[in-house]
Amino acid sequence: MSDPGNTTANAVGADRSLGQLVAAATAEMSALVHDEIALAKAELRQDVKRSAVGGAAMSIAGVLALFSLPVLSFAAAYGIHNLGLGLAWSFLIVGVAFLLLAGLLALLAVAKFKKVKPPEKSIASAKETAAMLQNVKPHPRPASRPALGKAEVKVSA
């Protein structure tokens with residue numbers, strides 16, 4: 001930043017014309033906008049990288065959870081077998097428990113799907129807009145006038 005008491009800076013600023021000042025302001029504003037865009041791009045890149053890493057971690061976690069399901073099923077069946085029930089009955093109990101859980105989740109899903117309705121407000125708004133646009137008539141354009149030359153320009157005093 002320049003020192004306000006610096007006479008050479010003030011002299012240079014005073015010597016510049018209005019056009020030069022506007023050009024300098026425009027250039028600085030353009031540089032500022034470009035810098036802001038670059039900052040936004042950098043932030044978005046960083047967010048995309050974080051999202052990709054998070055998505056990959058979630059996918060791997062899902063796969064590992066899916067792979068653990070058979071192991072846990074066998075552990076539950078053998079755990080029930082150790083309580084004194086036959087091995088076949090133990091596996092049957094675990095299988096039926098999974099089917100009951102799947103049935104409950106299916107009922108929950110059906111109940112949620114029944115509550116889904118079309119976006120009535122959006123549809124009504126779109127229909128209203130379409131109806132309004134059908135009634136709109138284009139504005140008549142004025143007849144094009146020939147461009148006035150420099151000699152024909154009228155100056156009012």
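Q: Is Leu108 buried, partly exposed or exposed, and what is the relative accessible area?
A: In this predicted model, Leu108 lies in helix 3. A residue counts as buried under 20% relative accessible area and as exposed over 50%. The class of Leu108 falls in between, because the relative accessible area is 48%: Leu108 is partly exposed, at 48%.

Q: Which helix gives the most residues to the nonpolar patch on the surface?
A: The patch includes Ile60, Phe67, Phe98 and Leu108, among others, and has about 990 Å² of accessible area together. Helix 2 (18-82) and helix 3 (87-114) each supply at least two of the patch residues. The greatest contribution, six residues, comes from helix 2.

Q: Are helix 2 and helix 3 parallel, antiparallel, perpendicular or oblique to each other?
A: Two packed helices are described by the angle between their axes and the distance between the axes. The axes of helix 2 and helix 3 come within 8 Å and cross at roughly 130 degrees. Angles over 145 degrees count as roughly antiparallel and those from 65 to 115 as roughly perpendicular. Helix 2 and helix 3 are therefore oblique.

Q: What is the handedness of the crossing of helix 2 and helix 3?
A: The two axes cross at roughly 130 degrees. The crossing of helix 2 and helix 3 is right-handed.

Conventions. Residues numbered from 1 in each chain as written. Predicted model: local features only at pLDDT ≥ 70, side-chain atom pairs only at ≥ 80, totals over all residues. Heavy atoms only, no water. Patch = residues over 30% accessible without salt bridge, like charges linked within 9 Å, V, L, I, M, F, W, Y side chains within 5 Å. Areas by Shrake-Rupley, 256 points an atom, 1.4 Å probe, with all protein chains shown as cover. Salt bridge = Lys/Arg side-chain N within 4 Å of Asp/Glu carboxyl O. Helix = DSSP H or I, 4+ residues; strand = E, 2+ residues; numbered from the N terminus. Buried < 20%, exposed > 50% of the residue type's maximum accessible area, 1.4 Å probe, protein only. Axes fitted to C-alpha atoms, helices over the stretch in contact; angles between N-to-C directions. Parallel < 35°, antiparallel > 145°, perpendicular 65-115°, else oblique. Left-handed = near helix turned anticlockwise from the far one by under 90°.
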